[in-house]
Amino acid sequence: MSVTDPQPATETPRPGPSRRLGLSGKLLLLTIPLVMIAGLMIYVPAIANFRMNRLNDRLAAANTAALVLDAAPLGMVPESLSRQILKSIGARAVAIKMGQQRRLLASADLPPAIDHDVDMREITVWSAIVDAFEIMLETGNQTIRVVGPAPGGAQFIEVVIDEAPLRQAMYRFSGNVLVVSLLIAGLTAGLVYLALHYLFVRPMRRLTASLVGFHENPESSAHIIVPSQRGDEIGVAERELSDMQRDLVSMLHQKSRLAALGLAVSKINHDLRNLLASSQLLSDQLASVPDPRVQRFAPKLMRSLERAIAFCQSTLSYGRAQEASPDRRMTLIEPVVAEVRESAGLATEASIGWISAIERGLSVDADPDQLFRVLLNLVRNAAQALESRPKSDAAAMQIRITGRREGSVAIMEVSDTGPGVPPKAREHLFEAFQTSGRPGGSGLGLAIAAELVRAHGGEIHLVEGTIGATFRITIPDRPVELQSVRAERARA
C-alpha cells in the first residue's frame, strides 16, 4: 500500500438492542400522567363546587327552619324541639337579621368563638377554591358561620355549623372522584394508546424494520418497503423511503457491475497491452510491403493500434477508466468522419446507407482522438439499431452525419432511420448500464460519449420529433486572449 493511500476508517461499533422502553411504552407512560393532569384540573373546581353546594344546602335548610321557628307563638319554641330542628339541618345555631335587629332563632352548644366566616353573597371562584383546600388540610372540629340571603323581608340569615362533617363529606367526594378519575384515565389512556399505536407506532416500527434490514443488506431488494395508501406524512415517508431504497439498490448494482468490470478490464489490459504491442510490430513490417492496398490500410491500422495501446496504458497507470483531459486543437471534421465510417465497417456495407453533409472545411476545437471515439460510439449505436429492425420493415436503412458552425460553436448531428429511443430509456439515456437493450451490450457507449463531450465544455442530447434517433453535439471553441493572438501575429 502506498503511503499516500488513505487508511481505512475504523468502523464504529453499532449499539446493541436497547433494553429501555420502546416508543409504545413511552407513549403509554406519557398518556397516563396527561390524563391524570386533566382529571386534576377537573377535580379542583369540582371540590370547590361541592363545598359551595353543601353550604347552600345548609342555608336552604336554615331558611326552612327559620320559617318554622318564627311561626311559633311569641317566638317561644321548646328547647327539645329546637335541638331536633338544629340536628336535622346539621347546625348549632340559626339567626336572622331583620332591619336593625339580629334575632337568634335557635341555638345548641354554641362555641365560645367562631373559627371561620363564609359570606355566600360575596364569594368568588378563587376564594371558593382556596377555602375548600384549607378545610381539607385542617384538623379538628372548627365552627363555620355561613351567611346567606334570607326569605321574606329579612336582610340575611346566619347558620353556625361544624367543619368536621363537611370535611368528611369532602373526603368522600374526593375519594369517589379519584376512583372515577382513575377509571376514566385508564380507559382513556388505553384508547388513546391503542389509537396512536395503530396509527403511528406500528407504521414507525415498519419503517424502522425496513431501514434496519436494508442497512444490513443494502443490495437486496427484499427489504424495500411496500408503501401503503395513506395520504398523511407517514404515507409520504413510506413512498419516499421506497423510492430511495430502489434508487440505492439500482445504484449499488451499477457500482458492483462497474467494480467487476474494472477488475476484469485491469486484468485483461495487462496482457492485452503486450498482444497489441506485438501486433504493432507486425503492422510496422506491413508498412514496408510495396502493395498499394497494404500501403493504403497500414497507416490506419497502425493508428488504431496506437489508440488501443495508449488507452490500455492509461487504464493500467491510473487504475480506473478515467478519461484524460482533452488535447484540444483545431481539427478538420471530414477526415475524422471518414475514419469513423471505415472503423465502423460501413465503408463497404451495402445495406446501410451513409450520408455525410458537413460544411466544407469545417473544423472543431477538440481532441481528435476523443472526437473520433464520440462519433464512433454514436455511429455504432445507430448501426446496431438499424440491424435490430424487423425484417418486414421495408424502410431504407440510413445513417446521416451533418456538421455546421454557428459563430464559435461547432454543431454535429448523428441520425438514423431506426426505431428510435424507447421512452423508458430516455430517463437515463447517458447513464452507464441503462440504455443497452441488445444481448451482449454494455450500455456504456452513450455514457462514454457524454463524458468526452462534457470534458470539452460541450453538450450532447437527443433531438425530439425526428425519424429514428438524432443526437446533437455542440462543442464551443475555447476563449482566446487577445494579447496572445496579437503576439503570435507579430511573431509571424
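**Salt bridges and strands**

Mentor: The side chains of D117 and R145 form a salt bridge, 3.0 Å from N to O (a side-chain nitrogen of Lys or Arg within 4 Å of a carboxyl oxygen of Asp or Glu). This is a predicted model, in which local features need pLDDT of at least 70, side-chain atom pairs count only at pLDDT 80 or more, and totals for chains, interfaces and linings use all residues. Residues are numbered from 1 along each chain as its sequence is written, and side-chain values use heavy atoms, leaving out hydrogens and water.

Trainee: Where do D117 and R145 sit in the chain?
Mentor: D117 is in strand β3 and R145 in strand β4, 28 residues apart. Strands (E, at least two residues) and helices (H or I, at least four) are DSSP runs, numbered from the N terminus.

Trainee: Which residues are linked in a network of salt bridges?
Mentor: D117, R145 and E158 are.

Trainee: And how many salt bridges does a search of the whole structure find?
Mentor: It finds 13. One of them joins R478 and D365, at 2.8 Å from N to O. R478 lies in the loop between β12 and α11 (482–491) and D365 in strand β8, so the pair ties together parts 113 residues apart in sequence.

Trainee: Is D365 buried or exposed?
Mentor: D365 counts as buried, at 4% relative accessibility; R478, at 42%, is partly exposed. Buried means under 20% relative accessible area, exposed over 50%, and partly exposed in between (1.4 Å probe, protein chains only).
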